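Here is a short briefing for a first look at this structure. Keep the view open while you read.

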Amino acid sequence: MIAIFAEKCIGCRLCERACLFGGIAVSGKTPTLTDQCTGCGACVSICPKGALVADKAQPGQIHHLEAYRGIFVIVEQRSGVLQPVSCELITAARRLADIRGVPLSAVLLGNNISRHALTLVAHGADTVYIADAPFLEHYRTLPYVRILTELIASKTPEIVLLGATTIGRDLAPRLANHFRTGLTADCTDLSIDNDGTLLQTRPAFGGNIMATITTPLHRPQMATVRPGVFTAEPIRTGQGEIVHIPVTECSVDNVVEIVRIEPKQKPAVSLEQAQVIVAGGRGIGEGKYFAMLEELAHLLNGEVGASRGAVDLGWIGHEHQVGQTGKTVRPRIYIACGISGAVQHLAGMQSSDIIIAINNDPHAPIFQSAHIGLLGDVHAIVPEIIRQLRQ
Ligand SMILES: Cc1cc2nc3c(=O)[nH]c(=O)nc-3n(C[C@H](O)[C@H](O)[C@H](O)COP(=O)(O)OP(=O)(O)OC[C@H]3O[C@@H](n4cnc5c(N)ncnc54)[C@H](O)[C@@H]3O)c2cc1C
């Protein structure tokens with residue numbers, strides 16, 4: 001985006017100081033753009049010698065939209081285990097591909113992972129691209145980015161989807177930057193319009209609105225989606241095409257070496273997997289009343305969740321928080337006790353099968369999302385439910 005004419009540079013470093021992003025570094029009389037360069041041009045206007053010039057789009061950078069076709073889901077495995085978000089994304093992408101009438105491909109990198117191809121096909125992938133090699137056993141940024149950019153550049157999918165996981169959050173921006181395209185992180189919904197524009201919905205402006213974001217001029221259109229937002233559904237037993245991608249290790253891949261992998265302790269709270277969640281908010285009055293919710297959760301074989309309001313008051317740990325800055329859950333039953341139903345809370349639980357709201361305010365927004373509303377004091381209703389369940 002910025003062309004450098006190093007022979008004109010006098011080493012004054014004005015460009016370095018003008019850049020708010022650390023996007024340019026000058027060593028001696030040699031300016032170099034860093035990964036942080038946004039192409040804003042602040043360095044161009046300040047350079048007294050014309051050593052920096054805003055580069056108009058090169059013919060190769062113009063995105064010919066019609067040249068892109070199909071959907072890619074970048075599949076995630078950890079220690080050889082397929083991560084649930086991948087099948088969730090493939091199920092959702094299948095619907096988009098059917099509307100659009102284009103093929104859906106899953107892309108899987110790892111070591112000894114070919115056995116997962118059938119699962120990916122069962123969830124709706126027409127083609128599974130597999131890069132299977134020992135050096136890909138554990139995720140490392142550089143080799144994964146290298147292999148995926150080569151594949152995407154050669155197959156030119158119009159949409160690329162990844163999980164909003166730690167791996168997806170590392171990988172997706174690098175791919176998007178490589179292709180100079182847009183990326184919408186943490187989408188809570190995806191749909192597609194008639195001309196193939198991906199409608200990427202996510203909370204915006206501090207979660208106060210749900211924004212639908214599009215990438216009208218660039219391809220591929222890229223989005224990440226958190227685990228649990230979509231439901232994985234195996235839809236068929238038919239055969240898909242399995243394509244093995246030949247891969248070789250490069251010296252640059254080993255800039256980062258994995259010395260040891262320590263598995264994370266299994267979290268004490270497993271909200272994402274829970275079938276029943278009893279969640280408490282500020283309306284329960286005091287932290288000690290979470291014991292009452294724990295009792296109800298225990299009777300229903302469920303877990304205890306919380307609003308951020310309750311977490312911020314220190315009534316319960318953040319690992320229990322549901323919502324935009326907490327966990328995204330999709331239980332069969334979600335019981336919201338004394339939770340108002342702010343949009344940021346809804347973003348994490350509105351896909352629950354049955355939402356039961358207990359609130360003493362008939363105008364509480366939670367009632368608009370609830371399938372069953374119990375209007376009244378949480379301290380009267382919850383003990384009564386517990387009593388009846390015990391009976
Ligand atoms: C960027 C950002 C991210 C956020 N992320 C999250 C998030 O991830 N998760 C989240 O939850 N919030 C999040 N929030 C905060 C969110 O906006 C709300 O402030 C929060 O959800 C409110 O928590 P609450 O419903 O417990 O409290 P309140 O809004 O105070 O609601 C309490 C409710 O309890 C009811 N009530 C009171 N007494 C009783 C009673 N005795 N019996 C029955 N009902 C009673 C009241 O009528 C009221 O509806 C975020 C906010 C921002 C700006």
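On a 1 Å grid over the protein atoms alone, a pocket is an open set of points with protein on both sides within 12 Å along at least five of seven lines. A molecule sits in a pocket if more than half of its atoms lie within 2 Å of the pocket's grid points. By these rules, the ligand sits in the second largest pocket.

This is a predicted model: local features need pLDDT of at least 70, side-chain atom pairs count only at pLDDT 80 or more, and totals for chains, interfaces and linings use all residues. Residues are numbered from 1 along each chain as its sequence is written, and side-chain values use heavy atoms, with hydrogens and water left out.

**Around the ligand**

- Helices (H or I, at least four residues) and strands (E, at least two) are DSSP runs, numbered from the N terminus.

- A polar contact is a pair of N or O atoms within 3.5 Å.
- Asn 359 places a polar side-chain atom 2.8 Å from a ligand oxygen atom.
- Gln 321 has a polar side-chain atom 3.0 Å from an oxygen atom of the ligand.
- At Gly 338, a polar backbone atom is 3.1 Å from a ligand oxygen atom.
- The protein covers 77% of the 980 Å² of accessible area that the ligand has on its own (Shrake-Rupley method, 1.4 Å probe).

**Aromatic pairs**

- The structure holds two aromatic pairs (ring centres within 6.5 Å).
- Phe 72 and Tyr 129 form a tilted pair, 5.7 Å centre to centre with 45 degrees between the planes. Planes under 30 degrees apart count as stacked, over 60 as edge-to-face and the rest as tilted.
- Phe 72 lies in strand E5 (residues 71–74) and Tyr 129 in strand E9 (residues 127–132), so the pair ties together parts 57 residues apart in sequence.

**Backbone features**

- A cis peptide bond joins Arg 219 and Pro 220, with omega about -5 degrees. Pro 220 lies in the loop between strand E14 (209–213) and strand E15 (221–225).
- Arg 180 is not a glycine, yet has a positive phi of about 50 degrees. Arg 180 lies in the loop between helix H6 (166–178) and strand E11 (183–187).

Notes
A polar contact is a pair of N or O atoms within 3.5 Å; within protein, one must be able to donate a hydrogen and the other to accept it, and residues adjacent in sequence count only if both atoms are side-chain atoms. On a 1 Å grid over the protein atoms alone, a cavity is a set of points where a 1.4 Å probe fits but cannot get out, and a pocket is an open set with protein on both sides within 12 Å along at least five of seven lines; lining residues have an atom within 4 Å of a point. Rings of Phe, Tyr and Trp (its six-membered ring) pair if their centres lie within 6.5 Å; planes under 30 degrees apart count as stacked, over 60 as edge-to-face and the rest as tilted.
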